[in-house]
Amino acid sequence: MSNRKMIMLSAVASIGLLAACNNGGDAEEADATEEETEEVVLADPCPDQVATMRGSGDPFTCSCTPEAAEQGTVWGSGPYTDDSRVCRAAMHAGLLADGPANVTINFLPGRESYTMSEANGVETRNYGRYGGSYAFEGAALGEPPEEMAAAIEACPSSAVSMRGTTDALTCSCSPAAASSTSTVWGSETYTDDSAICVAAVHAGVIGTDGGNVTVTPSGGLESYSGSTANGVTTRNYGSYSGSFTVEEG
């Protein structure tokens, strides 16, 4: 075989080997592209707030979009009050920088105070003592852990059991208790069988999203005048043997 033929065959073999290597590289590159573009399966959308889940010991995973984070109020810097808007808090925590994402919420006790801050385009608010908190898994906490406070107990349905005492009670009203249709008698001073959390809404101490209140028992009155305030209508009543007032907790 001539030298010229041997050179030609060697060149053809080299070209074939180079093509095979290139094809292999293209395949690997395609596989890498597929991995990079693999979509994350999103969980169910997050609720606006998680106050109704207070006390849960299990983490809760849901999904947020940047659009869902555009509205709502947030208190604290992580942990947040459990009535804070979840997706807006997630944006504050830096969890939505790359678009829609799953977030995992860990439920925490209440705190003595919550500190405002600004991060990722979201400004949060200060708040005082509150009965429930949450934080996001994988997000840094902006509040010092030593400020954690014991969770405040839920308010009783009425103050009848406090009759005859002078000790005030600070307790927590859930959104369900604050927005119930239970009956209230009086204005400013209420009969002690009135619904505490509904009376607190009537008095302007909390809204229907709940919050902490302080209930102070007092003696009965000769009469109680009903009125309408803050979306709650209370009733008139005559002489009754026990009363209470309510203020911010």
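Modeller: Let us begin with a term: a residue is called buried under 20% relative accessible area, exposed over 50%, and partly exposed in between. Please also keep in mind that this is a predicted model.

Colleague: What is the mean pLDDT of the chain?

Modeller: The predictor's confidence in each residue is given from 0 to 100. In this chain, 82% of the residues reach 70 or more. The mean pLDDT of the chain is 84.

Colleague: Which are the edge strands of the open sheet of four strands?

Modeller: The strands of this open sheet follow the order β1-β3-β6-β2, with antiparallel pairing. An edge strand pairs on one side only. The edge strands are therefore β1 (60-64) and β2 (80-81).

Colleague: Is Asp82 buried or exposed?

Modeller: The side chain of Asp82 forms a salt bridge with that of Arg54, at 2.7 Å from N to O. This pair links distant parts of the chain, 28 residues apart: Asp82 is in the loop between β2 and α2, and Arg54 is in the loop between α1 and β1. Arg54 is partly exposed, at 28% relative accessible area. Asp82 has a relative accessibility of 1%, so Asp82 counts as buried.

Colleague: How many residues apart in sequence are the parts that Arg129 and Glu112 tie together?

Modeller: The side chains of Arg129 and Glu112 meet in a salt bridge of 3.8 Å, N to O. Arg129 is in the loop between β5 and β6, whereas Glu112 is in the loop between β3 and β4, so the pair ties together parts whose separation in sequence is 17 residues.

Colleague: How many salt bridges does a search of the whole structure find?

Modeller: One of them joins the side chains of Arg163 and Asp192, at 2.8 Å from N to O. Arg163 is partly exposed at 37%, whereas Asp192 is buried at 1%. In the whole structure, the number of salt bridges found is three.

Terms used. Residues are numbered from 1 along each chain as its sequence is written. This is a predicted model: local features need pLDDT of at least 70, side-chain atom pairs count only at pLDDT 80 or more; totals for chains, interfaces and linings use all residues. Side-chain values use heavy atoms; hydrogens and water are left out. Two strands pair if DSSP finds at least two bridges between them. Helices (H or I, at least four residues) and strands (E, at least two) are DSSP runs, numbered from the N terminus. A salt bridge is a side-chain nitrogen of Lys or Arg within 4 Å of a carboxyl oxygen of Asp or Glu. Buried means under 20% relative accessible area, exposed over 50%, partly exposed in between (1.4 Å probe, protein chains only).
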